[in-house]
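Me: Can you walk me through this model? Keep it quick.

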Amino acid sequence: MRSFKPILAAAAILALAASCGKNTQISGNLHEGAGRNVIVKLLDVNRFQVLDTVKVGDSGQFTYSLNLSEGKPEFIYLFYGDRQIASLLLKKGDKVTVMTDTLGVYSVEGSEESVKLQKVESEYSAFQRDVKHLLDHNRSAADISRRYVSYYRDRVAYVVGNSHSLTVVPVLFQQVNPSFPVFSQPTDGILMQSICDSLKTVYPESRYVKALEKEASRRISAMDVNTRLQDAEEVGFIDISLPGMDGKEVKLSQNLGKVTMLYFWSATADQKMFNMDSLIPIYQAFHGKGFQIYAVSLDADKAAWASAVRNQELPWVNVCDTRGVQSPYIASYGIGSLPMAWFIVDGTIDLNAKVHDAASLRDYIRRQL
């Protein structure tokens with residue numbers, strides 16, 4: 001990228017003139033973006049809220065000013081069309097300069113938290129590229145696991161070392177894929193709560209801290225349920241009643257086999273492949289001998305779930321909880337990530353079931369039947 005210093009100096013003057021009544025300013029330059037628009041968005045916990053559309057000047061400069069409350073920094077994102085071109089974490093009084101291009105290659109000055117956020121996002125993107133490369137080249141599960149474990153440990157070190165920085169919040173919500181959070185360990189809820197306690201000493205009213213506290217509470221509740229199940233000598237199961245494909249309620253207790261796989265999933269591409277490649281052949285091999293699957297989809301989009309069930313011709317019991325991540329069964333069954341399964345044998349949850357892939361599932365069912 002070419003030098004922007006003279007242009008940014010002019011942009012800073014324009015920002016000063018345009019910032020009347022506003023306490024936080026963004027001065028920037030969009031390389032080769034003269035006459036185009038930059039869209040300014042605010043992250044409202046789990047969705048973007050469009051704040052404004054800013055016209056880019058003849059020399060690529062743009063300015064934007066906003067009011068922020070004391071003690072309530074905000075995640076502000078700049079977009080060019082649908083492409084995110086800069087990520088900022090701004091507090092009241094910040095005056096930042098951003099150099100970017102239409103591909104999202106950018107630098108930022110004037111905000112230490114924004115610089116940290118850029119580094120965090122860059123490292124996350126590198127991790128996602130590495131995982132995709134390993135998958136595209138059919139590398140072993142062990143190779144992928146090693147990369148994940150390395151990244152997870154590095155992220156734990158980051159959030160612990162930056163426990164008073166709001167940049168840890170998006171880190172704690174990162175995902176390997178839509179059904180597998182980076183922070184998916186049973187005890188991560190405790191880590192989240194610890195970080196939340198630290199952040200509350202600095203940003204007690206932040207919407208992002210409150211969202212983190214809610215997630216930490218959910219994780220800890222799930223962990224508590226899981227611990228109680230593991231500590232119990234013998235448990236039955238918590239019954240489930242959800243609508244099936246025809247909209248009628250289908251109870252778990254009325255659809256038990258000698259061995260029942262209570263399978264929580266989501267209609268994403270990787271789990272569709274698991275259904276077709278692994279579960280269907282196993283179900284066909286053992287259903288006649290007493291094996292049953294009660295599959296609970298945690299998809300808010302019921303149409304997407306129904307389409308996946310129909311297209312794959314899934315032969316077992318299929319129900320959908322459109323409450324998604326708000327489903328009470330997430331806490332009831334200690335679900336930390338998807339897919340996840342419990343096994344009910346003769347009406348009792350088997351706490352000693354060791355199933356981690358198709359081969360071990362097949363072996364487990366064979367031994368139980």
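Me: What kind of model is it, and how are residues numbered?
Reply: It is a predicted model: local features need pLDDT of at least 70, side-chain atom pairs count only at pLDDT 80 or more, and totals for chains, interfaces and linings use all residues. Residues are numbered from 1 along each chain as its sequence is written, and side-chain values use heavy atoms, with hydrogens and water left out.

Me: How many helices and strands are in the chain?
Reply: Ten helices and 17 strands. These are DSSP runs numbered from the N terminus, with H or I over at least four residues for helices and E over at least two for strands.

Me: What share of the residues is buried?
Reply: Of the 369 residues in the chain, 47% are buried. Buried means under 20% relative accessible area, exposed means over 50%, and partly exposed lies in between, with a 1.4 Å probe and protein chains only.

Me: What share of the contacts is between residues 24 or more positions apart?
Reply: 63% of the contacts with a separation of 6 or more. A contact means heavy atoms within 4.5 Å.

Me: Sheets next. Which strands form the open one?
Reply: Four strands, in the order β4-β1-β7-β8, with mixed pairing. Two strands pair if DSSP finds at least two bridges between them.

Me: Why is one side of β4 and of β8 left without a neighbour in the sheet?
Reply: β4 and β8 (107–109) stand at the edges, and each has a single partner strand. The twist from one strand to the next averages 15°. Axes are lines fitted to C-alpha atoms, for helices over the stretch in contact; angles run from 0 to 180 degrees between N-to-C directions.

Me: How is β4 joined to β1?
Reply: β1 (residues 24–31) and β4 run antiparallel, joined by six bridges. Asn29 is opposite Gln61 of β4, and Ser27 has Thr63 as its bridge partner there. β4 (residues 61–66) is mostly covered, with five of its six residues buried.

Me: What about β2?
Reply: β2 (residues 37–43) has five of its seven residues buried, so the rest of the structure largely encloses it. It pairs antiparallel with β3 (residues 48–55) over seven bridges, and Val38 has Val54 as its partner in β3. β2 also pairs antiparallel with β5 (residues 74–80), over four bridges; there Val40 partners Leu78.

Me: Which residue takes a positive phi in the hairpin of β2 and β3?
Reply: Val45, near 65°. That hairpin has four residues between the strands.

Me: Switching to helices. How do α3 and α5 cross?
Reply: The axes of α3 (residues 141–161) and α5 (residues 188–200) come within 10 Å and cross at roughly 25°. The contact is made by Tyr152, Val156, Val159 and Val160 of α3 and Asp188, Leu191 and Ile195 of α5. The two helices are therefore roughly parallel to each other. Angles under 35 degrees count as roughly parallel, over 145 as roughly antiparallel, 65 to 115 as roughly perpendicular and the rest as oblique.

Me: Is Leu191 buried or exposed?
Reply: Leu191 counts as buried because its relative accessibility is 18%. Leaving aside neighbours within four places in sequence, Leu191 is in contact with Val156, Val159, Val160 and Phe183.
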